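I opened the model to look up a few residues and their surroundings. My notes follow.

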Amino acid sequence: MSVDMRTFLAHVELANPITTAAGCASSGRELAQFFDLHRLGALTTRSITMAPRAGRPTPRMAETPSGMLNAVGLQGPGIDAFLERELPWLAQRGIKTIVSIGGGTVAEYSELARRLADAPGVTALEVNLSCPNMEDRGRVFAREGSAAAEVIASVRSIMRYDVPVVAKLAPDVADIVSVARACVDAGADALSMINNPLGMAIDTEALRPSLAAVTGGLSGPAILPLAVRCVWQVHAALPGVPLIGIGGVMTGRDAFQLVLAGACVVGVGTALFHDPYACLRIERELEDLLRARGFQRLADAVGLAHRPPGSAPRHLLVDTEESTP
């Protein structure tokens with residue numbers, strides 16, 4: 001028995017729920033050396049900025065128990081090069097592409113949206129809110145619902161209606177549900193969570209911080225429980241909002257946890273650094289788990305852990321309600 005692995009990110013249909021996490025597959029050319037990118041549900045690009053960025057000084061990556069710290073700093077060639085070389089390469093091949101963007105001001109996010117609004121090949125726009133607001137003492141947009149909402153409202157007002165706007169949330173907040181709600185109220189079509197929580201390590205030989213930037217984003221298996229918690233809380237509060245679950249996914253079982261918590265799409269990041277085939281393996285393992293448990297569709301498992309034991313899948317409940325005289 002085959003499992004229908006199709007899913008929807010807002011109104012956009014994806015062949016399966018697996019995407020790359022922003023920053024972990026650049027803009028696709030690297031992974032294309034190993035497999036056909038059409039086998040992904042979608043490819044998420046690194047976060048694109050207005051101007052070229054060299055990134056932060058080295059060392060900017062460090063291994064930690066069950067994880068990895070990074071402080072790369074959104075290194076990239078900028079929007080002009082992306083539109084000239086990277087996006088056309090993906091569009092010509094028909095790859096479903098979630099373009100991630102990052103900015104230091106609301107105006108920068110707005111301009112990035114304007115430049116991408118008419119660009120062919122943009123399946124969805126992921127707004128990386130874990131960037132410092134240069135107009136507010138460097139306070140990260142994702143930390144406050146009002147700041148995050150201002151960015152999302154600006155981007156949504158510019159981006160064409162057929163391209164979903166996805167707000168990417170950070171877990172380093174007092175109440176992720178309130179930030180999520182603010183983004184949805186501002187026009188976000190979907191939510192992506194979680195971005196890397198901040199962490200730090202100290203090199204006990206050098207007696208100095210392991211990263212030149214001192215702190216960095218923590219990723220890898222260590223943050224999976226944090227991602228599951230955030231997805232669970234937001235799905236419980238906003239059950240109709242599509243969620244991309246990201247954080248510590250190394251196996252199909254990890255992806256299954258996020259699906260059961262409420263994610264309809266799952267991002268794979270750190271696993272790609274040591275296994276370029278990780279997305280394909282995880283999608284296959286997830287399908288095997290669904291089949292073994294009698295699921296005919298991925299959609300029937302999304303958010304299932306929230307429902308009482310023995311309850312029918314959501315689509316069956318809807319069918320029953322519609323057939324009631």
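I listed what Cys131 touches, leaving out residues up to four places away in sequence: Leu74, Gly102, Gly103, Tyr109, Arg139, Val140 and Phe141. Contact here means heavy atoms within 4.5 Å. This is a predicted model, where local features need pLDDT of at least 70, side-chain atom pairs count only at pLDDT 80 or more, and totals for chains, interfaces and linings use all residues. Residues are numbered from 1 along each chain as its sequence is written, and side-chain values use heavy atoms, with hydrogens and water left out.

I checked the record for Cys131. The unreviewed UniProt entry annotates Cys131 as "active site"; such annotations may be inferred rather than shown by experiment. Cys131 sits in the loop between strand S8 (124–128) and strand S9 (132–133). Strands are DSSP runs (E, at least two residues), numbered from the N terminus.

Is Cys131 buried or exposed? Cys131 has a relative accessible area of 5%, so it is buried (under 20%; exposed is over 50%, partly exposed in between; 1.4 Å probe, protein chains only).

Next I took Asn133, in strand S9. Asn133 is buried too, at 9%. Beyond residues up to four places away in sequence, Asn133 touches Gly104, Gly138, Arg139 and Phe141. From Asn133 to Pro59 I read 25 Å, C-alpha to C-alpha, across 74 residues in sequence.

Last, I looked at Asn16, in the loop between strand S2 (12–14) and strand S3 (18–20). Asn16 counts as buried because its relative accessibility is 6%. Its side chain reaches the backbone nitrogen of Ile18 at 2.9 Å and that of Gly41 at 3.1 Å.

Methods: Helix = DSSP H or I, 4+ residues; strand = E, 2+ residues; numbered from the N terminus. Polar contact = N/O pair within 3.5 Å; in protein donor to acceptor, adjacent residues only side chain to side chain.
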